[in-house]
Amino acid sequence: MFFILGVVLFANTASAAINDYVVKQWNLQNGLPSQSIASIVQDNNGYIWLGTQFGLSRFDGHKFTNLTTQNSAFLQSNAIHKLIIDKYGMLWIGTRRGLHRLNPQTLEAQSFNIQGPVRDLLQDHDGGIWIASNGLYYVSAEKLSEKNVKREALSLTPRKINQIVGSVTRMALSSDGIWLVNEHHLLKIKESRSGSNTEFRLELASKLSLPRQLAQTIIHDLSWIDGRLYLASELGAYFLDIDEVIRRYDEIGNTAVYKFQGDEDGGFWVSTSNELMYRESNGNWQSVKPTQSDQNIWFSDIFKDREDNIWLGSLNEGLWFAHSGKVERHQVGPLSNQGVTAITQAEDESVWVSSRLGIGVLSDGDTYRQVLSMQQLQRRQVFDLEFQGSRLYLGTEKGVLLYEQGKIYTLPFIELRDNPVFSISTSNKGGLWLGTGRGLYRLDYAGLTPFAYNSFLGSQYITFVLDLPNFGFIGTNKGAYQYNERGIEKLGGHTSLDVAYVTSILHLDGISTLIGSRSHGLFYKTDEGLWHQLDASNGLPYGSINSLYYDKQFEQIWVSTKKGVYRMPAPQFKKNIDNLRVEQVISQFDRQLDGKASQCCSGFGHDAVMETQSAIWYPSSQGIVEIPKDVKLFGADELKPKIEALYTQERRISSSELMAPILLGNGERDITVQYTAIDFYAPKSIEFRYRLSSKEKGEWRDAPEGQEAIYTNLPPGEYIFELEVKRRGEDWSKARAKHVAISLPRRFDETIYFRLVITCGFIFLFYLIFWVFRAQERRKQMALENLVADRTTELRKANEKLNQVNTQLKLVSHTDELTGLRSRRFLFDQLPKDVEHYQRNAQSLQQQNKRLVLMILNIDSFSKINDTHGPIGGDSCLQQLATLLNMRTQGSDYVARWSGDEFLLLLRDFKRDEVEDYVGDLCKAVADFEFNLPNGKSMKMTVSMGWSFYPLPLLGGQVIGWEASVNLADIALHQVKHRGGDGAATIIFDEQLDAFEFEQSSNIESQLQTLQENGLAEVKVWMR
């Protein structure tokens, strides 16, 4: 995430130093434990340490390693106020609840008994440590020496300075003493002198009362910079003048100030509540206003590391990293964001540019002078600029303009009238080539001549012309061509060059021909004569290619795009490229400290790039970008792989211990190796690989982003862990390496003696088991014979009991517990038997007009009964209805509880013409019955019934199963329900209906609807 900054310059002319800084940001999404950072330091190994509100964090450019009260034993509070690195490389940590001293390599820590929060830490000229807390504490340099610390670790106890009363908030080291702030005073003490272990002397050199308002506010920082003491507070900045009077520092305004920082070059950084300010030595103030999501960002700490990078710790938006830019921007006109479309160089080496303001010249000292306004250019957009002697030709959207001796002319050729001219280049035969939207023309003293092969071009929209002594190249919006005196041919082979919008062509004798396009990437021709295409899938950076340029001195091909600039070694294009080597010079993610993106580059073709003796110039939407040819890219420094630690199940082995071969214990067979390569500029361009080898070389494991190697259950032996690191695009033969030797001893159980002992023990054990087994087998054989006889008798008795229980269980499962009726399970067991019985006697029963009747009965509005009288009342009604139904059926019939308030009656051998009377009588009997409730009251109920026959009265009805009859009865029941209940219904079929057609449907209800529509079925409903 990058931030948006607005620039405010305090003087008419200011150095561009602050705008040359490029920034990056890390926050919670990148693994930072807290957005609020209080302190930043760098240890001797290059790691950045951060003190945050939620713990201590170490950063190597790839990831944050966080130490908190939960994962470390020494921290008593996650709120870190101050960090410093002492002269021995030890990290001092001041927290809300005390002081700690940490070894950054081994992560071993020592805690000190300091009363109250530690607000500030300071190291004096001798290396002694001063601690600002509820009082002032001091650890002498003698006690901090490595010899004394190792020998007298217990004596390393901070001494309280009793002469200083009250809480100390901030401290600053001057040339001749230490300044500190307590509750009401600004004090200066001379550096301590200790005569013996029991004698401690302190000289109070100055004592100044703080102004009343300043004493009542928070003082954020106290700094000694260039011989002057500065105070940062919520009321603004103050300084101590030569007369030791505290005065307001009005140069930076009255806003709250949080941090001062000076550097070795005389630079002066100031962080306020709404600005980050900077002043070079004896220079003018510059400032940037950091904002993000409409919120102000201010910095609690500013730190300059060993590489002169600036680290900014924000109180609300995480960690910021600013480093000096590798490019210089030149402003064109009064606005810093003035876009440039074309750039060229005159004979006097002045730089001529085309912008929205018109045509201007940039001379020494970045002085810009407007030459032609847009009104003089007739409001035409300029695509290309070309000098021929002192004459300047301008390719515009409507022909060619000529600027000579302060006057502007329009070339009076009818072919160029309203014809856009995209390319102007020098012809080897004299004159100029003009690439237009209607073909290629040659301009010389004889006039304007069309190109001889215009008719052979697939498109006459000319975008680029490169004329060489014996041949030349033409770029169009639909491919590229090569011509000579014998003819012209289209380039590209089997690539997509034939449809590409060509923006630039570069021919390198003995190497290759390269063609840049707007949307198809880069094309190149190898020394074998084959064309190849490169795009993002081959590692080519994204963006339309604007220009190609060859730097002969460094043999680099420079490529500009709308998203940045990159360069590539030219010799690699002789052959087909498998691993493209490319260096990103400017990326789309680069942001200046003024918040603006690099915005490079604009234009295309000849004037999208310009060369001077030492630099390459590109037009951009924010002026002109100048890049030194020998620019040293960030991230191009030699990588230094580091093996940070080796973890086993039992311990952590630090990097300092890994310098020598490591002997692990017998139980340490699972290891984890943590590694890194510190890089804050381009960490994503780093690739790792590692392997663990014993007698034979192991296989390399690629780890593009991972930073740990895990091995489990390693066998004993001698190992070498090898780590290699390189930049993406480089060959592994140039990788930097690091290794560590690891020795895993054999356990006793892995020796040959242990195996011999185990083998003998197993042989003896097997013999003993065999002897015991034979004796037991004989006894078991006799006991088994007796046991078999007893068990046979017991088994027979158990089977008899089991049969009895199964019979009882079957009766229980076939009976409804509430009503005592047959259950649904009983129906599914019994109905197939009744159907089988009917089929055996079907002929006799059909002659008597008898059928099986399946009748489903449902109580109307039974839910209201439960709601009104409760579940007990409902159960009582169900029991009484079951008794009534049993009374209304014959002995061969049976009644079953089908579901909650539904019953199914099976009437066996029932005459068809008597069913309707039976149903009517049954409905009336139920309606007239008085149902007594447990509360002594009585009520009446009605029922709805649906019935059907088995077999169905169809032609061949016996082929349809009884399940269909049940479904039809249920459908008929629902017809009664739809009519309000208290009635009965059945379904009558046409006598000629074929049962086979009816059986084919898997959905009886939809088939029945079809039969009703065709008049082959009817639902007969009888309502009481």
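Which residues make the nonpolar surface patch of about 470 Å²?

Modeller: Happy to! Please keep in mind that this is a predicted model. The nonpolar patch is made by I758, F762, L765, F766 and I769, and its area is about 470 Å². Take I769 from that group: I769 sits in helix α4, which covers residues 752–813. With a relative accessible area of 47%, I769 is classed as partly exposed, because that class lies between 20% and 50%.

The surface also has a charged patch, where E347, D348, E349 and D364 gather as a patch of negative charge. Of these, E349 lies in the loop that connects β32 (340–345) with β33 (351–355). E349 counts as exposed because its relative accessibility is 61%, and the cut-off for exposed is over 50%.

For a contrast, turn to V559 in strand β53 (residues 556–561). Its relative accessible area is 0%, so V559 is buried. V559 and Q584 are 25 residues apart in sequence, and their C-alpha atoms are 9.7 Å apart in space.

Finally, consider helix α9, residues 962–978. Its 17 residues, at 1.5 Å a residue, should span 24 Å, and the end C-alpha atoms are 25 Å apart, which agrees. The buried residues of α9 are W962, A964, S965, V966, L968, A969, I971, A972, L973 and V976. After α9 comes G980, with a positive phi near 105°.

Terms used. Residues are numbered from 1 along each chain as its sequence is written. This is a predicted model: local features need pLDDT of at least 70, side-chain atom pairs count only at pLDDT 80 or more; totals for chains, interfaces and linings use all residues. Side-chain values use heavy atoms; hydrogens and water are left out. Helices (H or I, at least four residues) and strands (E, at least two) are DSSP runs, numbered from the N terminus. The expected span of a helix is 1.5 Å times one less than its number of residues. Buried means under 20% relative accessible area, exposed over 50%, partly exposed in between (1.4 Å probe, protein chains only). Patches are made of residues with over 30% relative accessible area and no salt bridge: like charges are joined within 9 Å, nonpolar side chains (Val, Leu, Ile, Met, Phe, Trp, Tyr) within 5 Å. Accessible areas come from the Shrake-Rupley method with a 1.4 Å probe; for residues, only the protein chains shown count as cover. A salt bridge is a side-chain nitrogen of Lys or Arg within 4 Å of a carboxyl oxygen of Asp or Glu. Lys and Arg count as positive and Asp and Glu as negative; His and the chain ends are not counted. The place of a charge is taken as NZ of Lys, CZ of Arg, CG of Asp or CD of Glu.
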